[in-house]
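Thanks for making time this morning.

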Amino acid sequence: MTGMEARHGDAELKKELDATLHARRELGDEYESALVDSFLEKVEQRLDGAVDRRVRRQLAEQQMVVARGARSPQSSDSWGERFGFGIVSLVLAIPLSAIGGGVAHLPGLLVAWVGIVGVNVVQAARLSPSFFGRRKTRPESDWED
């Protein structure tokens, strides 16, 4: 909704509220709940319309991103996922180190840590394609000759 549409919608909603208050004064307290319910239904319809427009716009934007071959804006490479994966790796490193060191001493400990580091490198490469120098090439624009 543009600024002009929002102001128009606000003015329209204000008129509805004024009409509802005027009707309440004329009809009395016994119709108050029906008038309030009617006004709230109009507010709910306005909100539903605004939410529908936003959802349609976001879906259209996502479809444009997918159509252009880029990653979705809702991709899973958020900072939280990276942080969480790092924490889980460190927590699991403790028992893996104990098991590897207890069973096979230094070679077992080294194997456990090579595995932990390997999993983290693969995860980092998955989340950041430029991690190993692989850069995503951007498709050339249709506007360029």
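Asp37, Glu41, Glu44, Asp48 and Asp52 together form a negative surface patch, where a patch takes residues with over 30% relative accessible area and no salt bridge, and joins like charges within 9 Å. Please keep in mind that this is a predicted model, in which local features need pLDDT of at least 70 and side-chain atom pairs count only at pLDDT 80 or more, while totals for chains, interfaces and linings use all residues. Residues are numbered from 1 along each chain as its sequence is written, and side-chain values use heavy atoms, with hydrogens and water left out.

Glu44 has a relative accessible area of 47%, so it is partly exposed, that is, between the buried limit of under 20% and the exposed limit of over 50%, with a 1.4 Å probe and protein chains only.

Turning to salt bridges (a side-chain nitrogen of Lys or Arg within 4 Å of a carboxyl oxygen of Asp or Glu), the whole structure has 6 of them. Arg24, Asp29 and Glu32 are linked in a network: Arg24 pairs with Asp29 at 2.4 Å between the closest N and O atoms, and with Glu32 at 3.3 Å, N to O. Asp29 counts as exposed because its relative accessibility is 53%, whereas Glu32, at 32%, is partly exposed.

Another salt bridge joins Glu81 and Arg126 at 2.9 Å, N to O.

Definitions and conventions: Patch = residues over 30% accessible without salt bridge, like charges linked within 9 Å, V, L, I, M, F, W, Y side chains within 5 Å. Areas by Shrake-Rupley, 256 points an atom, 1.4 Å probe, with all protein chains shown as cover. Lys, Arg positive; Asp, Glu negative; His and termini not counted. Charge placed at Lys NZ, Arg CZ, Asp CG, Glu CD.
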